[in-house]
Structures are given as C-alpha cells and as structure tokens.
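Here is a short briefing on one protein chain. Look over the sequence and the 3D view first, then work through the points by topic.

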Amino acid sequence: MSDIVALNLAVIVGSTRSGRIGPLVAAWLADRAGGHDDLNVDLIDLAEAGLPSDLDASSPQVTAVAPRLARADAFVVVTPEYNHSFPAPLKTAIDCFRTEWQAKPVGFVSYGGMAGGLRAVEQLRQVFAETHTVGVRDTVSFHNVWEQLGEQGQFPVEPAGCDAAAKTMLDQLVWWARTLRTGRQAHPYSI
C-alpha cells in the first residue's frame with residue numbers, strides 16, 4: 001500500500017464534430033491511464049461541455065467545467081488535426097480558463113491522416129506555454145487513424161506501439177504532476 005496521494009488527470013476530448021473518433025481515442029487513453037494506480041481520470045468531452053464561443057467566464061457551462069480543471073493535477077488533450085491545426089472549440093476551452101491551467105503539466109494524444117495530428121500538437125504547445133502550463137515531451141500520435149479501427153470496433157487494431165507510447169507519456173506526466181503539485185503547495189503559483 002502506497003502513501004502516495006493519487007493525482008487527478010483531466011482527459012479533454014478536443015473535437016466536437018459529429019461522427020468524430022475523438023471519444024474512442026480518449027476512452028483508449030483513459031483505459032491506459034487507469035493502469036496507473038496513482039491516477040484518477042476525469043473525461044471532459046467538449047461536445048458535452050457546450051462552452052460559449054464568446055468566452056463568457058460567468059456562463060453556467062464555464063462555471064461547470066472550471067472546478068473539474070482546477071481539481072486536475074495534469075491534463076491530456078486528445079485532438080484531431082483540422083486544416084493543419086487544432087479545433088476551434090479546443091481553443092475556446094483553453095481561453096475560457098486561466099488559473100485552472102497554471103503550473104500543471106499537459107500531454108497530447110493526436111490523430112489524423114498522414115501527419116497523425118502532430119501539427120495540431122505543435123501549435124497547442126505554443127498556446128499552452130502562454131497559459132503557464134508545462135507540456136511533456138512525448139506524445140501519442142495515430143497516423144491514418146481510420147486504419148486503426150477494427151471491423152468489430154476495436155481500437156487500435158495493433159496496440160503494442162501506441163500502448164508503449166502512452167506509457168511513456170503518462171509516466172512523464174505523472175512525474176511532472178507530482179513535482180508541480182508539490183511546488184504549488186509549497187509556493188502557490190501566481191502571475
């Protein structure tokens with residue numbers, strides 16, 4: 001039995017389009033994170049959150065999501081790549097909040113065609129740096145994601161490589177989450 005207090009991980013589904021594969025990818029990642037005894041996973045689907053496009057911080061949708069993000073010790077953003085970038089609702093979600101992101105780590109799981117969503121991740125790294133969030137180095141990327149769907153709906157059809165990538169990313173995320181939580185407790189972060 002460990003004396004380590006579990007970390008809260010918010011997994012954010014960044015796509016809101018109908019017919020999206022994001023929830024399936026996020027469920028896969030949440031299952032991988034569930035393999036860590038020290039992680040409690042909160043799956044936040046932006047399609048269900050319904051955040052306002054006008055960035056009204058007092059809206060009921062924003063006030064409903066804010067405590068979930070504030071409670072998180074770390075984040076994983078699951079994002080597709082649309083037109084060489086990430087979805088607009090994801091940018092809205094980032095911009096709706098401020099202190100909830102600060103001094104916490106973020107990891108990325110991306111998917112798409114040939115590039116596997118990596119261009120979206122590179123842009124997200126810049127955006128999250130402005131929120132004072134620490135991006136972990138390693139990511140999980142599903143290239144040609146539609147080829148990863150099995151005939152019976154299993155995802156991914158060849159899990160070995162992506163499972164290993166997820167473990168590496170989650171291990172880094174846990175290290176940063178513990179370190180930054182200790183730092184925030186000892187020296188509250190403010191800008």
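P105, G107, V109 and Y111 point one way from strand β4, while V106, F108 and S110 point the other way. All of these residues are buried. Keep in mind that this is a predicted model.

**Strand β4 and its faces**

- β4 covers residues 105-111.
- The strand is mostly covered, with 7 of its 7 residues buried.
- In a regular strand, side chains alternate between the two faces of the sheet.
- Here P105, G107, V109 and Y111 share one direction, and V106, F108 and S110 take the other.

**The partners of β4**

- Strand β3 spans residues 74-80 and runs parallel to β4, joined to it by 6 bridges.
- Within this pairing, V78 stands opposite V109 of β4.
- β3 and β4 also belong to a right-handed β-α-β unit, together with helix α4 (residues 88-95).
- Strand β5 (residues 134-135) pairs with β4 in the parallel sense, over 2 bridges.
- In β5, V134 is the residue opposite P105.
- Strand β6 (residues 140-142) is parallel to β4 as well, and 3 bridges join the two.
- S141 in β6 stands opposite S110.

**The nonpolar cores**

- In soluble globular proteins, nonpolar side chains tend to be buried together.
- Which residues of the largest nonpolar core touch the most other members? They are L9, V76, V109 and F142, out of 28 residues in that core.
- Six elements each supply at least two residues of this core: β1 (7-13), α1 (22-34), β3, β4, β6 and α6 (159-186).
- Helix α6 gives the largest share, with 7 residues.
- A second, separate core holds 27 residues, including A10, A72, F75 and V106.
- V109 and V106 point opposite ways from β4. V109 belongs to the largest core, and V106 to the second one.

**T133, a residue in a loop**

- T133 sits in the loop between α5 (118-130) and β5.
- Is T133 buried or exposed? T133 counts as buried, because its relative accessibility is 8% and the cut-off for buried is under 20%.
- A polar atom of the T133 side chain lies 3.1 Å from the backbone oxygen of W101.
- The side chains of T133 and T131 make a polar contact at 2.6 Å.
- Leaving out residues up to four places away in sequence, T133 touches W101, Q102, K104, P105, V106 and F128.
- Two of these contacts, P105 and V106, are residues of β4.

**A27, a residue in a helix**

- A27 is part of helix α1.
- A27 counts as partly exposed, because its relative accessibility is 41%.
- A27 and K104 are 77 residues apart along the chain, and their C-alpha atoms are separated by 22 Å.

**Salt bridges**

- The model has 12 salt bridges.
- One of them joins the side chains of R181 and D73, at 3.4 Å from N to O.
- R181 lies in helix α6 and D73 in the loop between α3 (60-71) and β3, so this pair ties together parts that are 108 residues apart in sequence.
- R181 is buried at 15% relative accessibility, and D73 is buried at 6%.
- D73 also forms a salt bridge with R184, at 3.3 Å from N to O.
- This second pair links distant parts of the chain too, with D73 in its loop and R184 in helix α6, 111 residues apart.
- R184 is buried, with a relative accessible area of 19%.
- K167 and D171 form another salt bridge, with their closest N and O atoms 2.6 Å apart.
- Both K167 and D171 lie in helix α6, 4 residues apart, which is about one turn of the helix.
- K167 counts as exposed at 52% relative accessibility, whereas D171 is partly exposed at 31%.
- D31, R32 and D163 are linked in a network of salt bridges.

Conventions. Residues numbered from 1 in each chain as written. Predicted model: local features only at pLDDT ≥ 70, side-chain atom pairs only at ≥ 80, totals over all residues. Heavy atoms only, no water. Buried < 20%, exposed > 50% of the residue type's maximum accessible area, 1.4 Å probe, protein only. Pairing = 2+ DSSP bridges. Right-handed = clockwise from strand over helix to strand, strands pointing away. Core = buried A, V, L, I, M, F, W, Y, C linked by side-chain atoms within 4.5 Å. Polar contact = N/O pair within 3.5 Å; in protein donor to acceptor, adjacent residues only side chain to side chain. Contact = heavy atoms within 4.5 Å. Salt bridge = Lys/Arg side-chain N within 4 Å of Asp/Glu carboxyl O.
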